[in-house]
Amino acid sequence: MTPGSVLITVVVIFTDGEWSRGFQGLQRWAEPNRRIVLVKYGTHNTDSLGADVVVNINRVEELPTVLTHALVDTLASLR
């Protein structure tokens, strides 16, 4: 890492969109230099659960494209 640079952690969570009833969300894992990308498979539920980016996919083949776009958008937001 170069002097003056900032370390950013990008966390990608894959889910079918089903969470236990008592799940409070992802906020407890949020930190200033952490970006959470939530990828939901087979659901159109847009609840972010505290994620910075939410992506819905219906086919696994969509994953490389939507994940690339989500990561680019997430990293671009750091400027």
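Reply: Gladly! Two strands pair if DSSP finds at least two bridges between them, and strands (E, at least two residues) and helices (H or I, at least four) are DSSP runs numbered from the N terminus. The model is predicted, so local features need pLDDT of at least 70 and side-chain atom pairs 80 or more, while totals for chains, interfaces and linings use all residues. Residues are numbered from 1 along each chain as its sequence is written, and side-chain values use heavy atoms, without hydrogens and water.

Me: Which residue in S2 is the bridge partner of Thr9?

Reply: Strands S1 (residues 9-15) and S2 run parallel and are joined by seven bridges. Further along, Thr15 stands opposite Lys40 in S2. For Thr9, the partner is Arg34.

Me: In what order do the three strands form the open sheet?

Reply: S2 is joined to S3 (residues 53-57) by five bridges, again in parallel. On that side, Lys40 stands opposite Asn56. The open sheet has parallel pairing and the order S1-S2-S3. S1 and S3 each pair on one side only, so the edge strands are S1 and S3.

Me: Why is strand S2 largely enclosed by the rest of the structure?

Reply: Buried means under 20% relative accessible area, exposed over 50% and partly exposed in between, using a 1.4 Å probe and protein chains only. S2 covers residues 34-41. It is largely enclosed because, of its eight residues, the number buried is six.
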